[in-house]
Amino acid sequence: MPAIPVRKTVHTGTVELSYLEWNPANSNEQNHQSLGCPVLLLHGLADHAGVWQSLASVLASQHSVVAPDLRGHGNSSKPSDGYDCDQILADLTALMNHLEWESAHIIGHSWSAKLMCIWAHYNPERFDRLVLVDPAFTTKFPEWTRITFPLFYRLLPFLKMMGPFKSYENAENQAKALKQYKGWSEQQQRVFHDSIEQKPDGSWGSKFCVAARDGVFEDFTQVDGLTGIINVPTLLLRSTAGLNRSSAQLKGYKRRIPQLTIETIPGNHWVFLVEPDLVNRRVFDFLDDNSRGI
């Protein structure tokens, strides 16, 4: 039976950051002493903390695990601005300080994997190990691409759940056609359910807000993800139908991350939702070299 997380909130100084916590360290002193390094799980753009339920349930047998809804996502605050990488990393620093974690194993998917490359370069002391799950947007967008953003907003599949939809059923039918929900497992249904809400006008749409979408895409034109050496043991999980398929795409990671392990797993960009057992086992083993397995 999956471990049940506790929903909590911390004020970072600028926003209320909602997060899920599995196996809280303060629940039992003896249990706390037996736990390994804590784990921070970071979702990709337009997702939310609940996408990590399967992996977190596995890791919670050995670790305290926390997954936040990043600002503009899920149940966290949705300010009108402040979606540049520096502000989001400041939120995460405040969260780790609140949890009294000096360092952690940190796992990022897609856009969050880019942010973790930046954070790990400038603040490697915060990382024990780093896992990058099919990282995206690591290269700074040229300035001229701003004019194409409206097209991106209409065509990128993961943004199609923003809505509006006339009904919950219409939103569900759209979700079933998307790659992250391939198979429509119980976990995927729960992830979908927790990702949308009814709006004041009665329509349905994503909890991910327009200001976050626009702010993050603007930041894509300002910041490169791979600009310096990352001195952290790192696992890069690439999927067979994901974004990092060619050897040329991996050159930057190999050049910038001396302690890099690359593994390929069958699945798409959301491999942790489509093939969770494969991802769970590989991540568990990477974080716990002496583990007896799952």
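Student: Which strands does helix α9 lie across?
Tutor: This is a predicted model. In it, helix α9, residues 247-256, lies across β6, β9 and β10. Its direction runs at about 150° to β10.

Student: How do β9 and β10 pair, parallel or antiparallel?
Tutor: Strand β9, residues 234-241, pairs with β10 in the parallel sense, over seven bridges.

Student: And which residue in β10 is the bridge partner of Ala 241?
Tutor: The partner of Ala 241 there is Asn 268.

Student: Zooming out, what is the strand order in the sheet?
Tutor: The sheet is open and has eight strands, in the order β1-β2-β4-β3-β5-β6-β9-β10, with mixed pairing. At its edges are β1 and β10 (260-268), each of which pairs on one side only. From one strand to the next, the twist averages 20°.

Student: Which strands does helix α4 touch?
Tutor: Helix α4, residues 111-122, packs on the sheet and touches β3 (39-42), β5 (104-109) and β6 (127-133). The direction of α4 makes about 150° with that of β6.

Student: Changing topic: how many bridges join β1 and β2?
Tutor: Six bridges join β1 (residues 6-11) to β2 (residues 16-22), and the pairing is antiparallel. One of the residues involved is Thr 9, whose bridge partner in β2 is Ser 18.

Student: What about the hairpin between them: which residue takes a positive phi?
Tutor: Gly 13 does, with a phi near 115°. That hairpin has four residues between strands β1 and β2.

Definitions and conventions: Residues numbered from 1 in each chain as written. Predicted model: local features only at pLDDT ≥ 70, side-chain atom pairs only at ≥ 80, totals over all residues. Heavy atoms only, no water. Pairing = 2+ DSSP bridges. Helix = DSSP H or I, 4+ residues; strand = E, 2+ residues; numbered from the N terminus. Axes fitted to C-alpha atoms, helices over the stretch in contact; angles between N-to-C directions. Contact = heavy atoms within 4.5 Å.
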